[in-house]
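Here is a short report on a protein model. Look at the sequence and the 3D view first, then read on.

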Amino acid sequence: MADQGPRTRASEPEHASHGHGVARYFIVWALLLVFTVTTVLTGRMDLGAMNLPLALTIASIKATLVVLFFMHMTEAAGTNRIIFVVSLLFALVMIFGVFGDLWTRSPMTLPNGVPSTLGPEL
Amino acid sequence: MSSSDAHATNPHLAHHFDSIEKQDYAARLAMWLFLATEILLFAGLFLGYSVYRHFYHETFHELSRTLSITLGTINTVVLITSSLTVALAFHAVKVGKNNQAVGLLVFTVLCAIAFLVIKGFEYRHKFEEGMLPGQFYSYKEVTGPGANLYFTIYFLSTGLHAFHVIVGMSVLIWLTLRIKRGAYSPNHYVAVELGALYWHLVDLVWIFLFPLLYLI
C-alpha cells in the first residue's frame, strides 16, 4: 500500500483534465446545430459544382467535432487515435482507388445509359 | 500494490488482467477496433453511392429533391441532441450522479425512437410512391437508368443505419437498467463509455448520410 499515495497524487491532474465541465458539450452541440442549418441552407441553394465539396466539408467539420469532444478523442490513448485515423485512411484508399479506375475508363466500358461524354474518348 | 491485492480489492477486475487500468485500456482498444470496422463497412456503401452518383449524376440530383428535407433535418437535430445527452449521461456517471444519468439516457432512447418513427413515415411514403429498388421501382416523375439504383442505395444505407440505431438503443436501455441497479460508479464506468462511443458512431454516420442523400 506504500506506493498508493504517490499514485493517487500523480493521477490528480489527469483527473482534473477529464473532469472538465459539461459546458463544452453544450458548445459542441450548438456548433453542430449551426453547421446543420448552414448545410441545409447551402444545400438547397443549388451552388452547382460547389455543392458537393461544400456539403462534404461541413459534414467533415461536424464529424471532427463529434469525434474530438463527444467521443473524447482529445483524451484517448495514442493507439486508439492511430486505429481511428488508419481506418479513415483505408476508406480513402478504397474510394480513390476505385475512382482512379472510373476516371480513366473508355466510354465503351461504362454501364448502359451513362452519358457518353463521361470518360476519355477512344 | 501487488496484482493479487488488486484482484482482492476490486471485484470488477478479471483474473487475466494485471490491473484495472490495463483492463480498461484493453476494453477501449477493442471498442475502437470495432468502430474502425464499422467505419469501413459504411465506407463501402458510401463508395457505392459515389460510383453511381458519378454515373447518373442528373438522376441522383433530381431524386435527392424528392426526399423530405424537413423530416431529414428534424432527424439530424434529433440525433445530434441525443449525442449530447449521451455525452452528458456519461459525464454524470463519471461524477456519480446516477439518477441524472438515467434521466438523460431515457431521453436519448426516446430520441432514438423518434428517429425511427420519422424514418418509418419516410419509408411508407416511398413505398406508396413506388420509389423502390430494382424491378419494384414504379415512380413516374423520374425515370431512366440509375433511378432505381438511387433507391437501392437509399434503402441499403438508411436501413443499415436504422439497424445501428436499434442496436445502439438496445445497448443504451441495457446500460440504463444497469445504472439503476447501481452497477457503475466514478471508479467503474468503462461500459457506459463504450456504449456512448457506439451511439456517437451512429450519429457520425448520419452526419454524412444526410447531406449525401438529401442535399446534393
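## An aromatic cluster in chain B

This is a predicted model. In it, one aromatic cluster is formed by Tyr49(B), Phe60(B), Tyr123(B), Phe127(B), Tyr137(B), Tyr150(B), Phe151(B), Tyr154(B) and Phe155(B). Over all chains, the whole structure holds 21 aromatic pairs.

Take Tyr49(B) and Phe60(B). Their ring centres are 6.0 Å apart and their planes meet at 55°, so the pair is tilted. Tyr49(B) sits in helix α2 of chain B and Phe60(B) in helix α3 of chain B, so the pair ties together parts 11 residues apart in sequence. Tyr49(B) is buried, at 5% relative accessible area. Phe60(B) is buried too, at 2%.

Now take Tyr123(B) and Tyr154(B). Here the centres are 6.2 Å apart and the planes stand at 70°; the cut-off for edge-to-face is over 60 degrees, so this pair is edge-to-face. Tyr123(B) belongs to helix α5 of chain B and Tyr154(B) to helix α6 of chain B, so distant parts of the chain, 31 residues apart, are linked. Tyr154(B) has 0% relative accessibility and counts as buried.

## Where the chains meet

Chain B brings 50 residues to the contact, and chain A brings 54 residues. Together they bury about 4,700 Å², with 76% of it on carbon and sulfur atoms.

What does the side of chain B that touches chain A consist of? It divides into 34 nonpolar, 11 polar and five charged residues. Helix α2(B) gives the largest share, 17 residues.

Across this interface there are zero salt bridges by the rule. Four residue pairs are in polar contact, counting pairs with both residues at pLDDT 80 or more.

Notes: Residues are numbered from 1 along each chain as its sequence is written. Chains are lettered from A and ligands numbered from 1 in the order in which they are written. This is a predicted model: local features need pLDDT of at least 70, side-chain atom pairs count only at pLDDT 80 or more; totals for chains, interfaces and linings use all residues. Side-chain values use heavy atoms; hydrogens and water are left out. Contact means heavy atoms within 4.5 Å. Buried area is the accessible area (1.4 Å probe) that two parts lose on being put together, summed over both. A salt bridge is a side-chain nitrogen of Lys or Arg within 4 Å of a carboxyl oxygen of Asp or Glu. A polar contact is a pair of N or O atoms within 3.5 Å; within protein, one must be able to donate a hydrogen and the other to accept it, and residues adjacent in sequence count only if both atoms are side-chain atoms. Helices (H or I, at least four residues) and strands (E, at least two) are DSSP runs, numbered from the N terminus. Ala, Val, Leu, Ile, Met, Phe, Trp, Tyr, Cys and Pro count as nonpolar, Asp, Glu, Lys and Arg as charged, and the others, Gly among them, as polar. Rings of Phe, Tyr and Trp (its six-membered ring) pair if their centres lie within 6.5 Å; planes under 30 degrees apart count as stacked, over 60 as edge-to-face and the rest as tilted. Buried means under 20% relative accessible area, exposed over 50%, partly exposed in between (1.4 Å probe, protein chains only).
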